[in-house]
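Dear colleague,

Please find below the structure that I am handing over to you.

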Amino acid sequence: MKISRVKLYPVATRRRSGIRNQHIIVRIDTDKEWTGWGEMSDLSHLPAWHFHTGSLEQTLTEALAGQDPRNLARLEGFLLDLFPVETYLYSRSASVRQGVDIALHDLVAKTNSQSIHNLLGGRVRDAMDVCLPIFRMQTTVQVQDRLEDLAWAYELGFRLVRIYVGACPEADQMLLKAMAETYGNEMRVKSWDFSGGLHWQSALAASEALSEYGTCQLIESPAPALDLDGLREFRNHSRLPVSEHVLSQHHAWQLLHGGCVDILNVSPFVLGGLRPCQRVMALAESAHAGVLLGTTQELAVGTAAIAHLAASAQAVNWPGDSTGPLLYEDDVVDDGVTYQGGTLVVPDGPGLGVTVSESRLKTLAAPLEPDSATNIIALRDRTAA
């Protein structure tokens, strides 16, 4: 069996909040009529540039055509040569590798009539605990909207949320106070997520102030990206565990060796697929560190891949963040992923276990284009609206 073509489908979907997000769905065809599907997720963040889809499609086809898709290690090497590690959160290079990697795993698993988690080593869980996000507030006017989001999460059966904080301390405190008054101990907070927006000392002061109104299980990104010293200082002063997004395998080693974190936030969209995530989780296990599976809020294809990764990973011991299919108004699949009682259920069936719809791809088709937002805060932080 040989790869014959890589086809890219740029699509756009809206979140419940109204934000329009862009993605690329990847299809890999073979000479044996097997097909694999992948996803380059949520391309609407900074940096504010996009691929030329036709050129990228040609590049990937020329690189992969004639190759055996079952040789995942060799193909990963090809992709790393063409799209090297960039070491920032929304790396376009990692997005390309993510989309192709997922499609290859879907393809290879299907040819063996098995699910992706079996290809990754087996199944240790049937579902992963996840939390819904409560997006960052810039003003106190937005508190009521976030309380409505909490009510929606509660109605869906979620009892765990992640709250983005740091832009408006007064709003953050108002939200936590109202949450405690409304739900008591029924609704819990996994993390206060600073998203690297504050100096570690400011994040520490903010987290201590928030602790007067509620509590959480961990603190996320309490220092700017790659500020290893700041992360270490925050962790040394914090009463709560600290988590950070892993930007590369070397970055994971730096975080662990430097005593910067307690938990590694591991994501295919950051690291470029499932295989690099497995390597990073092995590092975490060797250092006796925690692991959670993060998100950029993928569509169903990318979310299903994360569910299979979670199913096969003993190292995952914190709730994850993959709830994108609940946040988007539409998706590219007919049969998507399932959530039950605040968990993401691992799909059954061959490959990803989700069915991409050709008609939905046509309906959601939209060329990649620069975001029309002129507010740099909205571009930098897509969770602001």
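**The sheet and its helix**

In this predicted model, β1 and strand β2 (residues 20–30) pair in the antiparallel sense over 11 bridges. Strands here are DSSP runs of E with at least two residues, helices are runs of H or I with at least four, and both are numbered from the N terminus; two strands pair if DSSP finds at least two bridges between them. Within this pairing, R5 stands opposite D29 in β2.

The open sheet consists of 3 strands in the order β1-β2-β3, with antiparallel pairing. Because β1 (3–14) and β3 (35–40) stand at the edges with a single partner strand each, one side of each is left without a neighbour in the sheet. On average, neighbouring strands of this sheet are turned by 20 degrees against each other, direction ignored. Helix α1 (residues 53–64) packs on the sheet and touches β1 and β3 (contact means heavy atoms within 4.5 Å), and its direction makes about 150 degrees with that of β1. Axes are lines fitted to C-alpha atoms, for helices over the stretch in contact, and angles run from 0 to 180 degrees between N-to-C directions.

**The cavities**

How many cavities of 30 Å³ or more does a search of the whole structure find? The search finds 2. A cavity is a set of points on a 1 Å grid over the protein atoms alone where a 1.4 Å probe fits but cannot get out, and its lining residues have an atom within 4 Å of a point. Grid points are joined across faces, edges and corners, and a volume is the space filled by probe spheres set on the points.

The largest cavity has a volume of about 80 Å³. Its lining includes L72, E76, R97, D101 and R275. α2 (72–82), α3 (92–111) and α11 (274–286) each supply at least two lining residues, and the largest share, 5 residues, comes from α2. The lining divides into 6 nonpolar, 1 polar and 4 charged residues (nonpolar: Ala, Val, Leu, Ile, Met, Phe, Trp, Tyr, Cys and Pro; charged: Asp, Glu, Lys and Arg; polar: the others, Gly among them).

The second largest cavity holds about 40 Å³ of space. Among the residues that line it are S41, Y90, R92 and F269. Its largest share of lining, 3 residues, comes from α3.

**Basis of the values**

Residues are numbered from 1 along each chain as its sequence is written, and side-chain values use heavy atoms, with hydrogens and water left out. As the model is predicted, local features need pLDDT of at least 70 and side-chain atom pairs count only at pLDDT 80 or more, whereas totals for chains, interfaces and linings use all residues.

Yours sincerely

Note on methods
On a 1 Å grid over the protein atoms alone, a cavity is a set of points where a 1.4 Å probe fits but cannot get out, and a pocket is an open set with protein on both sides within 12 Å along at least five of seven lines; lining residues have an atom within 4 Å of a point.
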